[in-house]
Amino acid sequence: METREVRKYFVSVSPSSLDFTSDGGSKSVTVTSYYQTATQTSTDNGPWLPASPTFSGKTGVTPSAGSSSNSAFSVSSVSGSSGTYTVNVTASSNSSTSNRSGSFDISQSRSGNYSDFTSDDSSLNVRLSQSKIKESISFTLYSGNAANNG
């Protein structure tokens, strides 16, 4: 009889997009990233059983965050533990009359026997957007007497 450990991976991000005002600032996303384990056995090179094992436990997997596709957004390194992580994003102020957009990826590294039990993608994309500066128009009203020299 042969025994093996199998893993089921989970990864999600919330929110999946961040919107910034033209003033810029910092916001964060929360990443849930972990795996659960189960045991399967095989006799005489037969199939691994049970085919749908019961998974348990929760082992955190620290994800990695890539750089933003737009340099106006700065993505920090990942912090956290035990399956719950945070990634901070900072947007510089936008003095342009155009909106900005960008994105970055969050990736989960995987190992062990997992392909039969994990359907989540190992990489998630976070969309970033920033509004343009509000255009203003100024004008001056003059009030006064008009002279009629007719």
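Me: Helices (H or I, at least four residues) and strands (E, at least two) are DSSP runs, numbered from the N terminus. In which strand is Phe 10 found?

Reply: Phe 10 is found in strand β1. Bear in mind that this is a predicted model: local features need pLDDT of at least 70, side-chain atom pairs count only at pLDDT 80 or more, and totals for chains, interfaces and linings use all residues. Residues are numbered from 1 along each chain as its sequence is written, and side-chain values use heavy atoms, with hydrogens and water left out.

Me: Got it. What does Phe 10 contact, leaving aside neighbours within four places in sequence?

Reply: With contact meaning heavy atoms within 4.5 Å, Phe 10 is in contact with Thr 32, Ser 33, Tyr 34, Gln 36, Gln 108 and Asp 120, once neighbours within four places in sequence are set aside. Take Gln 36: Phe 10 and Gln 36 are 26 residues apart in sequence but 8.4 Å apart in space, C-alpha to C-alpha.

Me: And how accessible is Phe 10?

Reply: Phe 10 has 23% relative accessibility, so it counts as partly exposed. The cut-offs are under 20% relative accessible area for buried, over 50% for exposed, and partly exposed in between (1.4 Å probe, protein chains only).

Me: New topic! Which residues have the most contacts inside the largest nonpolar core?

Reply: Those are Val 29, Val 31, Val 89, Phe 104 and Ile 106, in a core of 17 residues. A nonpolar core here is a set of buried Ala, Val, Leu, Ile, Met, Phe, Trp, Tyr and Cys residues joined through side-chain atoms within 4.5 Å. In soluble globular proteins, nonpolar side chains tend to be buried together.

Me: Which strand gives the largest share of this core?

Reply: β8 does, with four residues. Val 89, one of the residues with the most contacts inside the core, touches Phe 104, Leu 128 and Phe 73, among others beyond four places away in sequence.

Me: I like aromatics. How many aromatic pairs does the structure hold?

Reply: Five. Rings of Phe, Tyr and Trp (its six-membered ring) pair if their centres lie within 6.5 Å; planes under 30 degrees apart count as stacked, over 60 as edge-to-face and the rest as tilted. In one of the pairs, the rings of Tyr 9 and Tyr 35 have centres 5.2 Å apart and planes at 45°, so that pair is tilted. This pair links distant parts of the chain, with Tyr 9 in strand β1 and Tyr 35 in strand β3, 26 residues apart.

Me: Are Tyr 9 and Tyr 35 buried or exposed?

Reply: Tyr 9 is buried, and Tyr 35 is too. Ring pairs also link Tyr 9, Tyr 35 and Tyr 114 into a cluster.

Me: What about Phe 55 and Phe 117: what is the angle between the planes?

Reply: The planes of Phe 55 and Phe 117 are at 65°, with 5.3 Å centre to centre, and this aromatic pair is edge-to-face. Phe 55 is in the loop between β3 and β4, while Phe 117 is in the loop between β9 and β10, 62 residues apart. Both of these Phe residues are buried.

Me: Switching to charges: which side chains meet in a salt bridge?

Reply: Glu 5 and Arg 7 do, at 3.4 Å from N to O. The structure holds one salt bridge, a term for a side-chain nitrogen of Lys or Arg within 4 Å of a carboxyl oxygen of Asp or Glu. Glu 5 has 41% relative accessibility, so it counts as partly exposed, whereas Arg 7 is buried, with a relative accessible area of 16%.

Me: Last one: what is the strand order in the open sheet of four strands?

Reply: The order is β2-β10-β9-β5, with mixed pairing. Two strands pair if DSSP finds at least two bridges between them. The edge strands, β2 and β5 (64-65), each pair on one side only. Four bridges join β2 to β10, which run parallel.
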